[in-house]
Structures are given as C-alpha cells and as structure tokens.
Amino acid sequence: MQYEVVIGLEVHVQLKTKTKAFCGCSTEFGKEPNSQACPVCLGFPGSLPVLNKVALDYALRVALALNCQVQEYTKFDRKNYFYPDLPKNYQISQYDLPLSRNGFLDIYIEGKAKHIDIRRVHLEEDAGKLIHRDEASLVDFNRTGIPLLEIVSEPQLNSSQEAYEYLTTLKNIIEYLDVSDCDMEKGSLRCDANISLKKRGVQELGTKTELKNMNSFKAVKDALEFEIERQTELLGEGEPIIQETRLWDEKEAQTVSMRTKEEAQDYRYFPEPDLTPFIISQDKIEEIKKAIPELPREKMLRFMRDYGLSEYDAKILSSSKKYAEYAEECMKASNNKNKKSIANWLIGPLASAASDHHCAVPDLKILPSELVKLVEMVDLEVVSNLAGKTVVLTEMINTGKDPETIIKEKNLIQISDTSALDNIVDEVIKENAKSVNNYKTGRGNALMFLVGQVMKKSQGKANPKVVQDILRRLLK
Amino acid sequence: MVMERELYKLTAHKLIEKLNKEEITSQEVLNSLKNRVEDIDGKVKAYVRLSGSPFLNRTPKTEHQKSILAGIPISIKDNICTEGLNTECCSKILEGFKPPYDATVIKKLKEAGAAILEVKTNMDEFAFGSSTENSFFGSTHNPWDLECVPGGSSGGSAAAVAAEEAIFALGSDTGGSIRQPAAFCGVVGLKPTYGRVSRYGLIAFASSLDQIGPITKDVKDCAILMNVISGHDPCDSTSANIEVPDYTKSLHNDIKGIKIGIPKEYFIAGLDSEVKTIAEEAIDKLKDLGAAYKQVSLPHTEYAVPVYYIIATAEAGSNLARFDGVQYGFRAQGTGHRAQGLIDMYKATRGEGFGEEAKRRIILGTFVLSHGYYDAYYIRALKVRTLIKQDFDEIFKECDCIVTPTSPTPAFKIGEKAADPLKMYLSDIYTISANLSGIPAISIPCGFTRKGLPIGLQILAKPFDEEMLFRVAYAYEHNTLWHKMKPKL
Amino acid sequence: MAIDKETVKYAAHLARIELKPKELEKLSQQLQDILDFIDQLKKIDIKDIHPTSHILPINNVLREDCPRESLPSEKTLMNAPVKEGNFFVVPKIIE
C-alpha cells in the first residue's frame with residue numbers, strides 16, 4: 001500500500017468509585033431516571049464540587065501502571081460548551097496541567113513488541129444521557145458527574161489490528177487495576193479514533209478524521225478498516241480528505257459524516273475556581289505504586305516460566321485477572337504437579353463450558369481442589385479424557401458434587417485392567433472377523449473400528465489405549 | 001420600655017437580650033417588623049415579590065428565644081438559596097425557582113435560631129451592578145433620599161436595614177456589593193476574608209471573589225452574625241479550615257497603638273470633596289482614639305477595576321451558562337418566541353431572560369476567554385491580580401489595618417449612571433481590591449453630606465483578621481453617633 | 001484593541017445569547033469603550049509574575065467516597081419548565 005495509516009485513540013474509562021467525582025451520589029448503574037442526582041451534579045445554582053479522593057487514587061493508579069509521569073502540581077479546568085446532557089454547560093476537566101503525561105504501553109503483534117506512547121491520562125466528569133425522540137429529547141442526569149479517566153495515545157498505531165491490540169491490552173491492564181468494569185456495552189469504556197493516511201516516506205501527517213459511536217472493539221477495528229478504504233479511494237482519485245467527525249453505522253457497516261457545521265469548538269478553558277489545586281507528593285506516588293498488582297504481561301511471562309506454558313496458553317490464562325487468579329489457585333492446589341494438564345483443562349474444557357454457560361471460568365464455581373482431582377484422575381487414566389471433560393465436568397458444574405463421587409455414581413471408572421478387558425476384546429474379535437481380516441491385511445483404520453466396538457461393548461469404560469495394546473497383542 | 005409597635009427599631013443584640021429574658025416574644029418582633037414593612041416598603045422597595053409570598057410562613061418557635069439568635073427574623077438577599085422559597089437573583093431567567101436545598105449559611109442561621117424571612121431583598125440581577133437599578137423588579141430607593149440609589153448589588157438588604165424594615169440582613173460582595181450599599185445607606189456592611197464564610201448555596205457571580213456577609217444596624221450585630229455564619233464547610237472546597245474566634249470579644253473600644261495605613265491612591269482626583277473631608281475627619285477621630293497612622297502606597301490601585309472586569313466577567317460568563325431553560329427558570333417557548341430546536345431555545349431564553357447588564361458581562365466574559373484573547377486578557381489580569389495582592393501584603397507588614405473612604409461619591413441619583421456602564425464600574429474603585437486580594441473589609445457610617453446623604457468609612461485587614469476590623473470599627477462607632485441616626489420615612 | 005460587531009456577534013453565539021440588531025449595535029460600542037479602558041493593563045510589566053487563579057493558599061481538598069442519599073426525583077424535576085415522567089425534555093437538536 002502506498003499509504004501509511006496513522007491512528008490515535010482516545011479512550012474514556014468510567015471509574016468504579018462508589019460515588020460520583022464531585023458529590024456523594026451513588027454511581028450504581030441502571031436506576032430510575034433522575035433518581036441519582038443532587039444539586040451538585042445537577043449543577044443547580046449555588047452548588048459547588050468537592051473531589052472524590054478515591055477517584056484521584058484510581059486515576060493515579062492507572063497513570064502509574066501506564067508508566068506516566070505524574071504531575072506534582074495538577075489542577076482542574078472548565079471546558080465550556082452548551083449541550084443538554086451537560087447541566088452546568090461546562091465540564092470540569094483538565095487542560096494544561098493534567099494529572100499525568102508521557103506514558104506508554106507495549107502491544108504485541110505476532111510476538112513482536114511495539115511501544116505506543118501515551119500522551120496524557122487525566123480526570124474529568126461524565127455527562128448525562130440523552131434519549132432522542134422525533135420532536136424532542138429526554139434528559140437523564142443519573143450519569144452526570146461519574147468520574148471518567150481520559151487516556152489519549154499518540155498517533156503511533158499503524159493498522160486496525162494494532163488499534164485492536166492496544167484496546168485489549170489497555171482494557172486488560174485497567175481490569176487488573178480493579179478501577180473500572182471496562183464494559184463497552186454498559187458504557188464504562190468508550191473509544192474515539194483519529195485516523196489519517198500519509199504517503200510512505202513523507203513526514204507530514206495527512207488530514208485526520210475523527211471516528212465516534214463504536215460500541216465494541218470489533219466495531220473500532222471495522223470502522224478503521226472502512227475509513228482506511230474510504231480515504232485511500234479518495235486520495236487515489238485526487239480528492240481531499242475533509243477534517244470532520246464521522247459516526248460508525250454498525251448496521252450499514254460504514255462511517256457517516258456528522259454533517260454539523262464544523263466550527264472548531266472554542267472551549268475557553270480556564271482554571272476551575274471552585275476546586276483547589278492538587279499537589280501529588282512522592283509519598284502518595286509510592287503508596288499508589290504499592291497498590292498496583294502484577295500486571296497482565298508480567299503475569300503471562302511468569303506463567304510461562306513457572307508452569308511451562310506456551311506464550312499462547314499463558315496469554316489466554318492471564319487475559320483476565322479473575323481467570324489468572326483462579327488458575328493460580330488451581331496450580332497451588334495441585335502442589336504444582338500436573339501444571340501443563342491443569343492449564344490445558346483451564347484453557348480447553350473449562351473455557352468451553354464457561355462459554356456454554358455465558359459466564360467466565362471462575363464463575364463456574366468449580367473448587368480448585370476438585371478440578372485438580374479430576375485432572376489427576378484423567379491423567380492416571382482412572383476415567384477417560386472424554387468422560388472427564390464431558391459427563392464429569394458437566395455434573396460438577398450442575399450439581400457441585402466432587403469428581404470422585406460423580407465417577408462412582410455414574411459408574412465411569414475406566415477399565416484399564418487387561419484381565420478384565422481380555423474377555424471383551426476376545427468377543428469383539430470373534431464378532432468382527434471381517435475387520436480383523438482388514439487389520440491383518442494392513443488397513444490401519446480397522447484397528448480404531450475394533451477399539452470403537454470394545455468401547456461400545458464396555459459402555460465407554462474401557463481404556464482405549466489399553467484396548468489398543470491388547471488388540472495388537474492378540475492379533476499379532 | 002419599648003412599645004411592641006416599635007420593636008423593629010431595636011438592634012438585634014438588644015432584641016436578643018429582651019427575648020432571652022422573655023420580656024418580649026419573637027412573634028411580637030415579627031409582627032412589629034411586618035407592620036413596618038407594610039408601612040414603608042412601598043416607598044423604599046427593598047423587598048421583592050412582597051405580594052407573592054407570605055412574610056414568614058412558620059410561626060417562630062418559643063424555644064428559639066433562648067438560642068443565639070433568639071427567633072429574630074433575618075432578611076436574605078435574593079441570591080442565597082433557601083429551600084422551597086423563591087430564590088431568583090432578581091432575574092427573569094430564574095423566575096419561579098425554588099431551590100431544593102438550603103445554603104450552608106441558611107442552615108447555620110436556622111441552627112442558631114433565626115427566622116428566615118420568605119421575602120427576599122432586592123439586588124442587581126445576578127449581583128451585576130452598583131446601584132440595584134439592574135433588578136428585574138425595578139430599583140430600590142435610598143431611604144435617605146428616595147430619588148437616589150441605595151448602592152448595589154445588595155441595595156435591598158442595605159436599604160431595608162437603614163429603613164428599619166429589617167432587623168439585620170445578609171448580602172453578598174464580589175467587588176463591593178455589601179460595603180458600597182452599606183456606605184450609601186449609612187449602615188454597617190462586612191465582606192469576610194475569602195473562604196471565611198461558605199459559598200455553598202450562594203448563586204455564583206465570580207467564584208474566586210464572592211463572599212456572603214452581614215449588613216447590620218451596628219457593629220455588634222455584625223459581629224454576632226459573623227459568629228454564626230463563619231466557619232469551614234466540607235461542601236465548599238474553597239472554604240478555609242480555620243477556627244472561628246468569638247468576634248464579639250473584639251468589641252472593647254481600645255485602639256491605642258493600632259497602626260493604620262492611609263493609601264495615597266485613594267485620595268486623589270475623582271474623590272468627591274465632601275467625601276474626602278468627612279473621611280479625613282473620621283481618620284482624625286481614629287487618631288484621637290489612640291491609633292497611629294501613616295501614609296502608604298498601593299501602587300496598582302488604578303488597575304483594580306480593569307483586572308476585576310476581566311476576571312469577574314470571565315467567571316460569571318461560565319457560571320451563568322447553566323441558565324438555559326432546561327432544568328429551571330424561564331424557558332422561551334411556543335411560536336411567540338420563535339423557539340424551534342435546541343440552539344434557538346437557548347438563544348431566545350437567554351436573550352430574553354437576561355437583562356442588559358447581564359448580557360453585557362456574559363459576552364465580555366466569553367470574549368476575554370476566547371481563543372486568541374485568553375493570554376492577552378485573562379492571564380494578564382491574573383498576573384496583575386498577583387501584583388495587587390502583593391501591594392497589600394507589603395502594607396500589612398507594617399500596618400494593622402488600612403482605612404479609606406468606601407466609595408468615591410455619596411449615593412447618586414437613580415438613572416444618573418445607568419446609561420454609562422463604564423462610569424458605573426468606576427464607582428467600585430475603592431472596594432474591588434479587597435475582593436481581588438481576598439482580604440476582609442468593613443464599611444461603617446462616618447458622616448453625612450450637606451444634602452444628608454450618608455458616607456461610609458472602609459477598614460481593611462489581613463486575611464482572617466476580622467477581629468481587627470471589629471476592634472477599629474467598634475471603637476469608632478462607640479465614640480460617634482452616626483449609627484444612631486435614622487432616615488425620616 | 002478594536003472589537004467589531006462580528007466579534008461581538010460571535011461571542012454572543014458562543015454564549016448562546018440572541019441579540020436584537022439594536023442591542024448588537026449598542027453593545028458593540030459599549031464593549032469597545034470597556035475594552036479600551038481595560039487595555040491600560042498592557043502598560044504593566046508582568047514578566048516573571050505568576051498568575052493568581054486561586055487566592056486562598058489551600059490544596060488537596062478531598063472528600064471520602066461514601067454514598068449519601070440523592071434528591072428524590074420529584075425534587076430534582078420540581079422546577080423543570082418541561083418534563084415527561086422522570087425526564088427533562090428539551091427541543092430537538094436541529095442541525
């Protein structure tokens with residue numbers, strides 16, 4: 001492609017503090033409209049804001065986890081514009097002295113690291129919700145004032161895939177920090193993108209368009225891809241790119257111009273006189289740093305080291321904090337034996353079961369000690385792999401019973417004892433002369449067919465490996 | 001023995017004494033005041049929406065008589081939020097607004113046993129003004145000369161106290177709005193140190209300059225009120241966490257050795273000659289009482305007004321953006337107002353709902369913050385503000401207080417300055433610097449012009465040194481009779 | 001500095017205030033006078049002077065993350081010029 005893609009992402013994350021940024025209203029989601037508001041977040045005349053100390057702590061936690069330089073002296077500013085979801089017609093945000101700047105995170109594309117600089121991370125307040133009708137709009141101020149973190153990347157992402165990776169990596173880190181639900185559907189994570197194209201080798205950036213209204217990471221990727229195509233086509237025809245805001249239309253799978261009179265907004269930022277400035281001491285920074293847990297990448301590398309997992313497997317297990325914690329509990333419960341098997345079970349059968357139940361693996365509520373037992377029993381061939389990952393696992397999930405009980409109750413103990421199996425094998429050989437013949441004349445599939453017949457006759461309880469050995473021995 | 005009918009004439013502290021002793025009841029005080037208002041407010045027009053609301057809905061509780069404020073009614077400026085009672089900043093755009101909460105000062109007054117009057121006092125719309133001529137409800141008249149303005153923006157409160165149709169009152173001061181009307185009306189008015197009194201519930205004009213303060217018949221009443229309303233408020237991030245002394249303890253008539261600074265920049269051309277003479281006599285009186293004085297300089301005085309009109313309008317423009325017809329107040333709607341669509345609704349509502357001065361200040365404030373002008377105006381003004389504050393810091397290294405006339409002129413005639421906004425702005429020249437520097441200041445009556453208009457003397461002190469203000473003000477008052485004189489109405 | 005009618009009109013638009021033609025005329029003149037007056041600030045040397053945006057020397061005023069009751073929705077909507085159920089109603093945003 002003769003054009004280089006340049007993408008910058010602006011992510012807004014709702015912090016899961018108990019109360020709003022500047023008042024004591026609850027931040028609980030989904031309440032009756034306009035039932036979670038007060039004079040402060042409603043911007044009633046005479047009301048004044050007071051900053052939530054946990055919002056500040058959470059913001060610092062994210063800033064430090066993203067390797068930012070924390071501003072020792074930081075303040076809030078008013079961003080002035082008129083909109084019905086903004087009760088004061090200004091938003092308390094941060095302008096020239098934001099909480100933190102100059103951070104970075106690394107994304108990994110096909111194993112290779114790429115360093116993405118983060119321009120700034122700052123705190124601000126959320127606006128309300130608008131419901132659009134034909135002739136009017138309805139306003140609900142419950143969401144007004146919930147603390148938001150704005151995370152702005154430098155325009156260093158060069159493909160939709162990189163953008164996607166950036167978002168998943170960022171989300172993962174923030175989840176680990178336990179400061180937000182990061183749920184795009186609920187609106188606790190939002191993303192806007194800026195994208196432009198430039199000719200390879202040229203320094204100057206092209207005209208950028210801003211993309212909004214993407215409600216999932218996939219939508220971000222799709223929107224970017226559409227926009228890359230659109231801009232490429234325009235540039236190919238010698239048409240200029242208009243600097244504008246475009247909305248992603250999920251249904252039609254295209255970006256659409258907002259077509260508003262694109263006057264550059266003059267926000268008339270000035271220091272918020274109703275809030276004091278904030279001085280972040282070194283002690284505070286150290287205190288926050290201590291509260292940062294092992295982050296996803298570190299955990300992944302450690303899983304690879306400690307449990308001998310592949311990067312692929314380790315990445316899956318560390319993809320969510322709860323999942324990783326559950327995995328570690330299972331490893332501990334096994335005294336670090338069968339690590340690879342346990343990992344495989346967590347990534348394979350348990351993940352499938354979780355998917356079927358529309359939940360996460362830890363929500364299946366299987367006790368680590370019991371998973372370990374099941375894995376052990378399969379590895380020792382007490383029960384077949386197939387039975388273990390289907391019948392036993394399902395029973396464990398549905399009834400909460402332990403694996404040994406289930407295996408006994410359902411009579412699933414695998415028969416591995418050759419003397420017990422000899423008779424059945426003999427019978428099958430006698431009943432399947434044709435297949436026996438096929439086997440002896442070198443058609444290898446016949447062996448598996450005969451194994452299958454033994455499995456049938458033993459109601460699945462025969463150990464297939466042992467059966468194979470017996471067959472080979474008897475048919476020599 | 002004071003007749004019940006005449007109870008309205010007494011100071012709050014005198015009434016408290018009688019109420020505590022149960023010589024009178026708070027109902028009697030209220031009745032007396034109500035009758036007085038009915039008698040003369042038609043001439044003075046200190047109160048707004050008088051016919052619209054009951055004077056005081058709730059019967060004063062007898063148990064309050066033993067409390068600090070003993071059930072005495074207090075008159076509140078129309079920009080201080082009182083739960084369930086109309087609070088409209090004397091503006092059309094806030095018509096009908098009933099706040100769902102009490103300002104912190106109102107809470108404190110209630111806890112101290114005061115009875116909050118339902119009718120509010122008149123003011124310049126959103127406190128934009130120095131004459132109370134910018135009220136949606138029309139002008140208040142100076143009780144000393146009904147053809148003159150009472151000053152502004154707390155003109156209603158000052159006129160009510162002067163005309164004895166308020167026992168005591170609260171006002172707000174952003175550039176002189178308590179002190180200047182107090183001077184024009186011959187009463188006491190104090191602007192606390194910024195952060196001394198909570199701003200929570202004060203409908204904001206300029207957030208870094210506003211303070212609520214008392215307007216009273218004498219210095220003792222002022223001290224009593226300051227005791228009640230001062231103090232840290234966790235709802236106000238800009239309220240200071242500094243202990244409140246008992247201000248009445250500063251009322252001991254002794255200013256021997258106190259060092260007073262007289263800034264030369266306040267006694268130059270532009271100062272009315274009568275005001276000059278009277279102010280100088282007052283300063284001589286302070287000298288007679290034992291104070292020492294020296295001439296000092298506040299070199300950046302002349303820049304205070306331009307600095308103020310940049311900072312105050314910038315903050316006001318932003319603070320008033322919320323008045324848009326969405327959640328409360330006036331909304332322009334229907335075909336008569338051509339409002340179609342949201343932006344038209346905003347523009348029509350604000351175009352019609354705001355008065356001329358309000359529009360002027362909002363637009364000026366928007367301009368000085370706009371792209372390309374922010375550094376030249378707003379940032380520059382913030383820097384000059386630093387210089388103005390430093391001037392005062394220097395003086396207070398050697399002086400305990402500073403004394404000046406409160407206003408360069410006595411009360412002017414209604415309509416005299418209304419057509420010239422700039423002329424009106426310049427009348428704030430002596431009061432504005434105290435707001436820019438955050439220091440406390442009081443105005444006390446110190447004489448009358450030949451035509452019988454009151455003149456005010458302003459005393460300024462270091463941050464959080466209201467005690468100094470009370471000490472000097474009380475000593476002066478105790479040894480003069482200005483505060484005892486009342487207008488003939 | 002000179003402030004022309006277009007600038008005043010733009011500032012009024014930013015502030016969402018509708019001005020009638022006569023108002024615009026009058027206001028432009030008045031604002032010009034006021035700005036001329038304000039321009040005297042240009043005389044002052046402000047090099048190395050720090051701007052004062054907060055007059056009280058206090059920092060770090062914070063509050064605990066403890067929920068308290070919100071206003072009941074009736075009180076929130078009590079003053080609303082136009083409402084529907086528990087919502088505030090605003091005219092459509094016309095482009």
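This tour moves from a sheet in chain A to a helix pair, then to the domains of chain B and the faces of chain C.

The model is predicted: local features need pLDDT of at least 70, side-chain atom pairs count only at pLDDT 80 or more, and totals for chains, interfaces and linings use all residues. Residues are numbered from 1 along each chain as its sequence is written, while chains are lettered from A and ligands numbered from 1 in the order in which they are written.

**The sheet of chain A**

A:I118 has A:S153 in β11(A) as its bridge partner.

**A helix pair in chain A**

Move to α13 (residues 418-431) and α16 (residues 464-474) of chain A, whose axes come within 10 Å and cross at roughly 60°. The two helices are therefore oblique to each other (angles under 35 degrees count as roughly parallel, over 145 as roughly antiparallel, 65 to 115 as roughly perpendicular and the rest as oblique). Display the side chains of the contact: α13(A) contributes A:T418, A:L421, A:D422, A:V425 and A:I429, and α16(A) contributes A:V466, A:V467, A:I470, A:L471 and A:L474. Residues are in contact if their C-beta atoms, placed from the backbone, lie within 7 Å. This contact divides into eight nonpolar, one polar and one charged residue (Ala, Val, Leu, Ile, Met, Phe, Trp, Tyr, Cys and Pro count as nonpolar, Asp, Glu, Lys and Arg as charged, and the others, Gly among them, as polar).

**The domains of chain B**

In chain B, colour domain 1 (4-261 + 400-484) and domain 2 (302-380) separately; the bounds come from an automatic or database domain assignment. Their C-alpha centres lie 27 Å apart. Across the boundary, 29 residues of domain 1 are in contact with 23 residues of domain 2. On the domain 1 side, α12 (421-426) and α13 (432-437) of chain B each supply at least two residues. That side has 16 nonpolar, nine polar and four charged residues.

**The two faces of chain C**

Select chain C with chain B: 44 residues of chain C are in contact with 54 residues of chain B. The largest share of the chain C side, seven residues, comes from α2(C). By class, this side has 31 nonpolar, seven polar and six charged residues.

Finally, bring back chain A, where 37 residues are in contact with 30 residues of chain C. β3(C) gives the largest share of the chain C side, five residues. The side of chain C that touches chain A divides into 14 nonpolar, eight polar and eight charged residues. End at strand β2 (residues 51-52) of chain A, which runs parallel to β1(C) and is joined to it by two bridges; A:N52 has C:R63 as its bridge partner there.

Conventions: Pairing = 2+ DSSP bridges. Helix = DSSP H or I, 4+ residues; strand = E, 2+ residues; numbered from the N terminus. Axes fitted to C-alpha atoms, helices over the stretch in contact; angles between N-to-C directions.
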